[in-house]
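Reader: I'd like to go through the aromatic contacts in this one. Can you put the model up?
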Amino acid sequence: MTSEKLQKGQLLIAEPSIIGDLSFNRSVILLADHNDEGSVGFILNKPLEYTINDLLPEINGSFIIYNGGPVEQDNLYFIHTIPELIPNSIEISNGIFWGGDFELTKNLINDGKINKEDIRFFLGYTGWSSNQLEDELQANSWIITANNYEAAILSKSSKQFWKEKIIELGGEYVIWSNAPENPILN
């Protein structure tokens, strides 16, 4: 665990010791908000078998939907890099924005004005109550890192992202990069 102060825009990398938790095992989470009341994030590397068109047939797009986390999985959320096109969005950090005018977003997708590098959709989100995330950090469940990719994070590889981040950490973490997701299968 790092002693770095939590702030929105950071990445949370699941410690290799998180095994058997379907939501968080090998997760990389973008922290979208963090304050005294709690924290909100979106899992970046858990694509689902759905596209936006599967969920909303009125949208002519094949944008992959990601599992954003275990909270409110019946709701669709999105982050993007185009606040000039999507009003009412909230800046997370470094050119990454959360939400905005969804009706306009649907029209922009249908008009071909938004591409896959501009936006990512999630079913659900990851949430922590006040001090819960800090407690999990103290328990060594997460590693905090800066988002050095800034807005380009939306185009990062999704399935290999956890492995890439673990290798970047180096040291004792490297051995985990090639371990099976389920150690029983080793």
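**Aromatic contacts**

Author: This is a predicted model. Arg120 lies over the face of Tyr66, 4.1 Å from the ring centre.

Reader: And ring on ring, how many aromatic pairs are there?

Author: The count is 11 aromatic pairs. In one of them, Phe42 and Phe122, the ring centres are 4.9 Å apart and the planes meet at 25°, which is under 30 degrees, so the pair counts as stacked.

Reader: Where do Phe42 and Phe122 lie?

Author: Phe42 is in strand β3, residues 38–43, and Phe122 is in strand β9, residues 119–129. The pair therefore ties together parts that are 80 residues apart in sequence.

Reader: Is Phe42 buried or exposed? And Phe122, buried or exposed?

Author: Phe42 has a relative accessible area of 0%, so it is buried. Phe122 is buried too, with a relative accessible area of 0%.

Reader: Next one. What is the geometry of Phe63 and Phe121?

Author: That aromatic pair is edge-to-face, at 6.0 Å centre to centre with 75° between the planes.

Reader: Which parts does that pair tie together?

Author: Phe63 sits in the loop between α1 (52–55) and β5 (64–67), while Phe121 belongs to strand β9, so the pair links parts 58 residues apart in sequence. Phe63 and Phe121 are both buried.

Reader: Back to Tyr66. Which residues form an aromatic cluster with it?

Author: Tyr66 forms one aromatic cluster with Phe42, Tyr77, Trp98, Phe122 and Tyr125. The stacked pair of Phe42 and Phe122 is part of that cluster, and Tyr66 is the ring with Arg120 over its face.

Methods
Residues numbered from 1 in each chain as written. Predicted model: local features only at pLDDT ≥ 70, side-chain atom pairs only at ≥ 80, totals over all residues. Heavy atoms only, no water. Phe/Tyr/Trp six-rings, centres within 6.5 Å; stacked < 30°, edge-to-face > 60°. Helix = DSSP H or I, 4+ residues; strand = E, 2+ residues; numbered from the N terminus. Buried < 20%, exposed > 50% of the residue type's maximum accessible area, 1.4 Å probe, protein only. Lys NZ or Arg CZ within 6 Å of the ring centre and 35° of its normal.
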